[in-house]
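Here is a report on one protein model.

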Amino acid sequence: MMSNGAFTKWLFLISLTFLSTNIFAAIFNVSNTPQLRQALLDAALNGQDDRIVLAPGFYVTAIDGLGTFRFSDAEAFSLTIEGSGTDRSDVVLDGAVLHTVLSIRNSISSSLTLKRLTIRFGGEGVITDFEFI
């Protein structure tokens with residue numbers, strides 16, 4: 001029979017094991033277009049929920065010649081892209097009237113959250129196959 005203290009330790013370790021898969025998220029702080037592209041790439045490969053926080057400013061798809069901002073993975077983790085400003089007009093994703101602004105692809109049930117940002121001047125604003133937005 002397990003003592004009360006041993007049982008408590010065992011229960012704590014079991015709880016930590018089950019909870020640890022959901023409580024950790026990678027946070028990417030971004031302040032320009034190349035950093036946004038890198039954050040989207042890193043988030044797709046890291047095996048955890050991801051939060052990309054955009055500093056106030058303009059993120060233009062044509063600024064580096066690479067076009068649409070793209071995220072594609074096959075993981076069952078959430079992706080949040082949010083502006084750090086106080087208003088959605090503080091952070092702007094801009095397609096320069098040339099590109100789809102944001103293409104988010106995920107082959108597994110997952111969630112996408114977009115907060116406090118403006119998406120403008122794209123042939124299409126956002127293309128996604130996420131189950132929950």
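Threonine 61 touches Arg37, Leu66, Gly67, Thr68, Phe69, Asp94, Gly95, Ala96, His99, Thr100 and Val101, leaving aside residues up to four places away in sequence. Contact here means heavy atoms within 4.5 Å. Threonine 61 sits in the loop between strand E3 (57-60) and E4. Its relative accessibility is 0%, so threonine 61 counts as buried. The classes are buried (under 20% relative accessible area), exposed (over 50%) and partly exposed (in between), with a 1.4 Å probe and protein chains only. Helices (H or I, at least four residues) and strands (E, at least two) are DSSP runs, numbered from the N terminus.

The model is predicted: local features need pLDDT of at least 70, side-chain atom pairs count only at pLDDT 80 or more, and totals for chains, interfaces and linings use all residues. Residues are numbered from 1 along each chain as its sequence is written, and side-chain values use heavy atoms, with hydrogens and water left out.

**Strand pairing**

An open sheet of 3 strands runs in the order E4-E7-E10, with parallel pairing. Strand E4 (69-73) and strand E10 (126-128) are at the edges; each has a single partner strand, so one side of each lacks a neighbour in the sheet. Neighbouring strands of this sheet are turned by 5° against each other on average, direction ignored. Axes for such angles are lines fitted to C-alpha atoms, for helices over the stretch in contact; angles run from 0 to 180 degrees between N-to-C directions. E4 and strand E7 (residues 102-106) run parallel, joined by 5 bridges. Two strands pair if DSSP finds at least two bridges between them. Within this pairing, arginine 70 is opposite serine 103 in E7.

E6 also has parallel partners. Over 4 bridges, E3 and E6 pair in the parallel sense. Tyrosine 59 has leucine 93 as its bridge partner in E6. E6 and strand E9 (residues 118-120) run parallel too, with 3 bridges. There, leucine 93 stands opposite isoleucine 119 in E9.

Are the faces of E6 covered or open? Both are covered: Val91 and Leu93 on one side, and Val92 and Asp94 on the other, are all buried. In a regular strand the side chains alternate between the two faces of the sheet.

**The nonpolar core**

The largest nonpolar core has 22 residues. Such a core is a set of buried Ala, Val, Leu, Ile, Met, Phe, Trp, Tyr and Cys residues joined through side-chain atoms within 4.5 Å. Leu36, Ile52, Leu54, Tyr59, Ile81 and Leu93 have the most contacts inside this core. The elements giving two or more residues to this core are strand E1 (25-30), helix H2 (33-45), strand E2 (49-54), E4, E5, strand E6 (91-94) and E7. H2 gives the most, with 5 residues.

Leucine 93 touches Leu36, Leu54, Tyr59, Val101, Leu102, Leu117, Thr118, Ile119 and Arg120, again leaving aside residues up to four places away in sequence. Leucine 79 lies in strand E5 (residues 79-83). At 0% relative accessibility, leucine 79 counts as buried. Its C-alpha atom is 6.1 Å from that of aspartate 49, 30 residues apart along the chain.

**Salt bridges**

Side chains of opposite charge can pair when their charged atoms come close. A salt bridge here is a side-chain nitrogen of Lys or Arg within 4 Å of a carboxyl oxygen of Asp or Glu. The count comes to 5 salt bridges. Three of them are listed here.

| Pair | N to O distance |
|---|---|
| Aspartate 64 and arginine 37 | 2.6 Å |
| Arginine 51 and glutamate 82 | 2.8 Å |
| Lysine 115 and glutamate 82 | 3.9 Å |

Aspartate 64 is in the loop between E3 and E4, and arginine 37 is in helix H2; the pair links distant parts of the chain, 27 residues apart. Aspartate 64 is partly exposed, with a relative accessible area of 28%. Arginine 37 counts as buried at 15%.

How exposed is glutamate 82? At 5% relative accessibility, glutamate 82 counts as buried. Arginine 51 is partly exposed at 32%, and lysine 115 is partly exposed at 35%. Lysine 115 lies in strand E8 (residues 112-115) and glutamate 82 in strand E5, so this pair ties together parts 33 residues apart in sequence. Salt bridges that share partners join Arg51, Glu82, Lys115 and Arg116 into one network.
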